[in-house]
Amino acid sequence: MPSAAKPTLLHIGDPIKHNPKTYERLSENFDIIRPSAEERQRPAFIQALKEKRWGDFQGIFRPFWNTGGEMGRWDRELVPLLPASVRIFASAGAGYDWADVDVLAEHGILYCNGAAASSEAVADMAIFHILSVFRNLTWSHLAARSGNADQWLEAHKYATMTAHNPSGYILGVIGLGNIGLRIAQKAYQAFGMQIYYHDIVKKSDDIEKSIGATYAATLDELLAKADCIVLATPFGGKKLINAETLAKFKPGSRFVNIARGTLVDEEALVEALKSEHLFAAGLDVFENEPHVHPELTKLRQVTLTCHNAGGAIETNWGFERLSMENCEEYLLRGKPITPVNLHLMKKG
């Protein structure tokens, strides 16, 4: 049973693997309850909350992105069942489409993610896709792996005819948060690309100057200007890239998505690629994961990876650590590290 002196945390998902000292420190300051795999199935999880099986816990942490999500979406059905004592939910992962952060805020629950831990890995993957769509690397890659001499020679001779160095071209970044900024830094510093960006909030002059960035006040302005668009914004409940927005892309431009597949209408994307309105695309995420649109797999100007952008071991270490440290910093000192919905929380 939880002690009267310590606040209680609900640990959902696998046991700690990478940061035992952090967990040891957490255990000294909190009582930790870890529901079983069976208890984490949605019907059982909901029933346990109704029964108040775990008492009045103060926080929830999910240290791994691939375990602890068995109960499904944290929505208006599930969140109101949490005890009124809950103040924070800290989770691994950069995206949070599985957790309704607005509903959590309505119930006074701060949501913290692990985006700060994945920024480097995701930005690196974005750079890989940017280079691939400029240099026709998938064509070359597939031809080399085919083992067919004719395909090899075709790629050797002709893939270069439409390949470009990224240097000097305009990279348009949709969403200049931690990840978007790191992508822009790498593209600017390593490739010498011109940076344009669109975000809800214009960044400071110092940030813009550090990456030579120009702010596009509207999405339409960015789409018409950029030679390559990178999508680096969270899922906001609707598709951002669809037939209407794709028509506003600069003819012959490129598209890279390392954000969320649900932000893109893949039918419209396929049509834009087949019509050559878009020259190429690089996709790490998909509309209906783990299923990839079959037409995308047939196009050699499309680079595909399996939602691995954040998948470096350093990311896993950071996700795990941040899930615990956010609970510590917020519940013990009132200063969360990576809050997502702080702006939605009611004052006072």
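**Chatting through the model**

Modeller: Let's begin at Asn136, which sits in the loop between helix H4 (115-135) and helix H5 (137-146). Keep in mind that this is a predicted model.

Biologist: Good to know! What is phi like at Asn136?

Modeller: Phi is positive there, near 60°, and the residue is not a glycine. Most residues other than glycine have a negative phi.

Biologist: And is Asn136 buried or exposed?

Modeller: Asn136 is buried, because its relative accessible area is 8% and the cut-off for buried is under 20%.

Biologist: Which loop holds Lys52?

Modeller: Lys52 is in the loop between helix H2 (42-50) and strand E3 (59-62). Its phi is also positive, about 55°, although Lys52 is not a glycine.

Biologist: Is Lys52 buried or exposed?

Modeller: Exposed, with 55% relative accessibility.

Biologist: Let's switch to Lys186. Where is that one?

Modeller: Lys186 is part of helix H7, which covers residues 178-191. Lys186 counts as buried, at a relative accessible area of 15%.

Biologist: What does the side chain of Lys186 make a polar contact with?

Modeller: With the side chain of Asp124, at 2.8 Å. Leaving aside residues up to four places away in sequence, Lys186 touches Glu120, Ala123, Asp124, Ile127 and Phe191.

Biologist: Are Cys112 and Cys228 buried or exposed?

Modeller: Cys112 is buried, with a relative accessible area of 0%. Cys228 is buried too, with a value of 0%.

Biologist: Which residues does the cis peptide bond join?

Modeller: Glu289 and Pro290, with omega at about 10°. Most peptide bonds are trans. Pro290 lies in the loop between E11 and E12.

Biologist: Where does Leu299 lie?

Modeller: Leu299 is in the loop between strand E11 (278-283) and strand E12 (302-304). At 13% relative accessibility, Leu299 is buried. Its C-alpha atom is 16 Å from that of Asn257, a residue 42 places away along the chain.

Biologist: Last one: what does UniProt list for residues 129-309?

Modeller: An unreviewed UniProt entry lists that stretch as "domain: D-isomer specific 2-hydroxyacid dehydrogenase NAD-binding". In the model, residues 129-309 are 37% helix and 17% strand, and the end C-alpha atoms of the stretch are 10 Å apart.

Technical notes: Residues are numbered from 1 along each chain as its sequence is written. This is a predicted model: local features need pLDDT of at least 70, side-chain atom pairs count only at pLDDT 80 or more; totals for chains, interfaces and linings use all residues. Side-chain values use heavy atoms; hydrogens and water are left out. Helices (H or I, at least four residues) and strands (E, at least two) are DSSP runs, numbered from the N terminus. Buried means under 20% relative accessible area, exposed over 50%, partly exposed in between (1.4 Å probe, protein chains only). A polar contact is a pair of N or O atoms within 3.5 Å; within protein, one must be able to donate a hydrogen and the other to accept it, and residues adjacent in sequence count only if both atoms are side-chain atoms. Contact means heavy atoms within 4.5 Å. UniProt positions are given in the numbering used here, feature names are shortened, and annotations may be inferred rather than shown by experiment.
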